[in-house]
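Biologist: I would like to go through this structure with you, one topic at a time. Shall we begin with the charged pairs?

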Amino acid sequence: MITRNAYSVRTRLTLVAVVLAMVSGIALTVVATISLYGLAGTFKIAEVANAGNEIARLIEGKRLPAVLPRGEAEAIQVLNAAGQVVASTPNLAGAPRVTSFTPSDSKTREDRKICGIPQLHGRCMNVVALRSYQPDGKWIVYSIGSPVPWYVHPGLFAFIVGACLLTVLMSGFCSYRTVTGALVPVNAIRKELEEITSTDIGRRVPVPPARDEIRLLAETINQTLDRLENAAEQQRRFASDASHDLRSPLTAMRAQVEEALHYPDDVDWKIKANAMIFSLDRLQAIVSDLLMLARLDSGVTAARERIDLGELVSEELDRRKRCVEVTRKLEPGVVVIGDRLRLARLLTNLADNAERHAASRITVSVTEQNDMAVLEVVDDGAGIAPEQREVVFRRFTRLDAARNKDAGGTGLGLPIAREIAEAHGGSLKAADSAQGARFVLRIPLTR
C-alpha cells in the first residue's frame, strides 16, 4: 500500500542535507582526530627521546649527575653496563629498573608503551630506551613521557567538533533557503493551476526567468494548456456543428410528418416516405461518421495484416458503380500493414469526394515511392484553392462549392480519411494538380 509522505519537499531536502552534512562532519572529525593523534603521538615520543638524548650526551661527557633534570620527559632513569640504576629524576629516586626491554642489537633506540609503573601511579606511559656505548659496556637510558590522549587536546577537539556542528547548521540553513527559493515559482504555478477551470482555460502559468528545470516544467504545462484549449475549442465547435447537421434532417422529417398529419387526405404517402428515407439516410450517414470518428479518437487498436494496396483499391472500386469514369493506375506488389476495413473506408471517402466534384472522370493510382506506398485520387473538377487545402480536413467543413453541388455530404469524409491515414503512420494531404483536386495518401511500405 502506498502511503503519503507527511513531510514537505522543503523539510525532506533540508533533513537530507543536514544528515549528509552530519555524516560527513563525523567522518571528517574521526579522520582528522586519528591523523592528529598519530602526528601528536610521534611528536610526543620525539620530545621524550630528545630528553633522553640530552642525558646520553651527559653520560658521554662524564658529567652525569645522580639526580637528573626531567626536561620534556616526565621521568628518566639511567642504567650502567651492569644493569644498575645509577641516576634518575626525583620521581624515580630509589626505584628499581622500570622495564626490562632494551633496543635490539641493530638499533640504538626503541620505544614501547609500558603500563603499571608504581612510581608513576600505574599509568600507561611511553618509554623510550636509548643505548649509549661506554668503555665498560652498553649503558641504557629510559626516558618516560605521558601518551597523547585520543582527543589529542581538549581545545583542538572542541574546535573540530564546533566546526562540524557549525557546518551542519549552515548546510541545513542554506538548504532550507535554497529549496524555499527554488519552490517559489512552483508555488506560483500550483496557485495558478488551482484557479484555472474548464471555463477559464485561456490562462497560463507564470514562466520563471531562470533557465532551469522549473522553467521547462512551466513551459510544458503551458503547452499542455494550449493543447487542452485547442481540444476544448475543437470539441465545442464539433458539438455545435454536429448538432446543426443533425438538426437539419430531423427538422426536415418533423416538418414532413407534421404536414402529413395536418393534411392526411392530400398526402402522397409514397413520395413522403421517399423524402423521409432521404433524410434518414443523411441522418444515418452523419451518425455512422460520428461513430467512426469516436473510435479513431479513442485510439482503439485496429486489426493489423499485410495488405496489397493495389488489390484493395481494385476490389473497392469494383464493389460500387460510379457515376463518372474511373481511370485506374495500380502498381502491383505495393504491400502495407494495416486494417483492411479502415483503409477501404479511407478509399471510399476519397472516391466519393472525388465523384461529387468531378466533371466527368476521376483517376486512382497506387505507386511505390521512397519506401512509401502512395495512393492518389484525382478528379477533373474545379479543384481546391491552396488556402483551403487544410480547411477541407476540418470536421463538418464543406466549402461553398461542395454545398451547392451536393447538399447531402456530411463534412466528415475527409477528416475521417486523414485520421485513418495518421493511425497507420502515414499522411493525407491535398496537393497541387493541373486540373481538379488531388489527394495524396502516403503509408510506410512493408517488405
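Modeller: This is a predicted model. Glu 54 and Arg 57 are three residues apart in helix 1, so about one helical turn separates them. Their side chains meet in a salt bridge, at 2.4 Å from N to O.

Biologist: How accessible are Glu 54 and Arg 57?

Modeller: Glu 54 has 45% relative accessibility and therefore counts as partly exposed. Arg 57 is also partly exposed, at 43%.

Biologist: How many salt bridges does the structure hold?

Modeller: There are 21 salt bridges in the structure. One of them joins the side chains of Glu 74 and Arg 123, at 3.0 Å from N to O. That pair links distant parts of the chain, 49 residues apart: Glu 74 lies in the loop between helix 1 and strand 1, and Arg 123 in the loop between strand 3 and strand 4.

Biologist: And are those two buried or partly exposed?

Modeller: Glu 74 is partly exposed, with 24% relative accessibility. Arg 123 is partly exposed as well, at 36%.

Biologist: What about Glu 355: which residue does it pair with?

Modeller: Glu 355 forms a salt bridge with Arg 322, and their closest N and O atoms are 2.8 Å apart. This pair, too, links distant parts of the chain, with Glu 355 in helix 6 and Arg 322 in the loop between helix 5 and strand 7, 33 residues apart.

Biologist: Why do you class Glu 355 as buried?

Modeller: Its relative accessible area is 12%, and buried means under 20%. Arg 322 is buried too, with a relative accessible area of 12%. Salt bridges with shared partners join Arg 320, Arg 322, Asp 352 and Glu 355 into one network.

Biologist: Changing topic: which residues have the most contacts inside the largest nonpolar core?

Modeller: They are Leu 346, Leu 350, Leu 375, Leu 428 and Phe 439, in a core of 43 residues. Among the elements that give two or more residues to this core are helix 4, helix 5, strand 9 and strand 12. Helix 6 provides the largest share, six residues.

Biologist: Which residues does the second core include?

Modeller: Ala 51, Leu 58, Leu 68 and Ala 73 are included in that separate core of 16 residues.

Biologist: Next, Asp 379. Is Asp 379 buried or exposed?

Modeller: Asp 379 counts as buried because its relative accessibility is 4%. Its place is in strand 10. The side chain of Asp 379 reaches the backbone nitrogen of Gly 381 at 2.8 Å. Not counting residues up to four places away in sequence, Asp 379 touches several others, including His 357, Arg 361 and Gln 435.

Biologist: Which residues are buried in helix 8?

Modeller: The buried residues there include Leu 414, Pro 415, Ile 416 and Arg 418. Just after helix 8, Gly 425 takes a positive phi of about 75°.

Biologist: Finally, the surface. Which residues form a nonpolar patch there?

Modeller: Met 22, Ile 26, Val 30 and Ile 34 form it, with about 370 Å² of accessible area together. Ile 34, found in helix 1, counts as exposed because its relative accessibility is 54%.

Key
Residues numbered from 1 in each chain as written. Predicted model: local features only at pLDDT ≥ 70, side-chain atom pairs only at ≥ 80, totals over all residues. Heavy atoms only, no water. Patch = residues over 30% accessible without salt bridge, like charges linked within 9 Å, V, L, I, M, F, W, Y side chains within 5 Å. Areas by Shrake-Rupley, 256 points an atom, 1.4 Å probe, with all protein chains shown as cover. Salt bridge = Lys/Arg side-chain N within 4 Å of Asp/Glu carboxyl O. Helix = DSSP H or I, 4+ residues; strand = E, 2+ residues; numbered from the N terminus. Buried < 20%, exposed > 50% of the residue type's maximum accessible area, 1.4 Å probe, protein only. Core = buried A, V, L, I, M, F, W, Y, C linked by side-chain atoms within 4.5 Å. Polar contact = N/O pair within 3.5 Å; in protein donor to acceptor, adjacent residues only side chain to side chain. Contact = heavy atoms within 4.5 Å.
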